[in-house]
Amino acid sequence: MADTTGTKDATYNLVSVLYHALQGADLYEQYASDAGSDQDLAAFFREAQQQEKQRADLAKQLLAKRLQQSS
């Protein structure tokens with residue numbers, strides 16, 4: 001990966017996880033809204049959204065740490 005992007009694989013992977021976690025959190029909000037009056041389904045999607053937000057936060061922290069170490 002580093003040969004084609006100029007970025008280490010681990011850094012690239014963290015960026016990818018961050019992107020997909022944020023994208024997932026956004027989608028789960030829409031799914032929760034689409035659930036309408038089905039509170040169980042809406043709660044399920046909001047829980048999944050929270051997990052994605054936590055995953056994104058952790059990926060941001062790890063990415064920041066790696067970027068500070070490489071400078």
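**A close look at the helix packing**

Modeller: Of the 71 residues in the protein chain, 23% are buried, where buried means under 20% relative accessible area, exposed means over 50%, and partly exposed lies in between (1.4 Å probe, protein chains only). Please keep in mind that this is a predicted model, in which local features need pLDDT of at least 70 and side-chain atom pairs count only at pLDDT 80 or more, while totals for chains, interfaces and linings use all residues. Residues are numbered from 1 along each chain as its sequence is written, and side-chain values use heavy atoms, with hydrogens and water left out.

The protein chain has 3 helices and 0 strands, and its elements run α-α-α from the N terminus on. Helices (H or I, at least four residues) and strands (E, at least two) are DSSP runs, numbered from the N terminus.

Let us turn to helix 2 and helix 3. Their axes come within 8 Å and cross at roughly 155°; axes are lines fitted to C-alpha atoms, for helices over the stretch in contact, and angles run from 0 to 180 degrees between N-to-C directions. Helix 2 and helix 3 are therefore roughly antiparallel to each other, a label for angles over 145 degrees.

Now for what sits at this packing. The largest nonpolar core is made of 6 residues: Leu14, Leu18, Ala21, Ala56, Ala59 and Leu63. Helix 2 (9–34) and helix 3 (39–70) each provide at least two residues of this core. A nonpolar core is a set of buried Ala, Val, Leu, Ile, Met, Phe, Trp, Tyr and Cys residues joined through side-chain atoms within 4.5 Å.

Ala21, one of the core residues, touches Glu52, Arg55 and Ala56, leaving aside residues up to four places away in sequence; contact here means heavy atoms within 4.5 Å. Glu52 belongs to helix 3 and is buried, with a relative accessible area of 14%.

Finally, the loop between helix 2 and helix 3 holds Asp38, which is partly exposed, at a relative accessible area of 36%.

Key. Angles under 35 degrees count as roughly parallel, over 145 as roughly antiparallel, 65 to 115 as roughly perpendicular and the rest as oblique.
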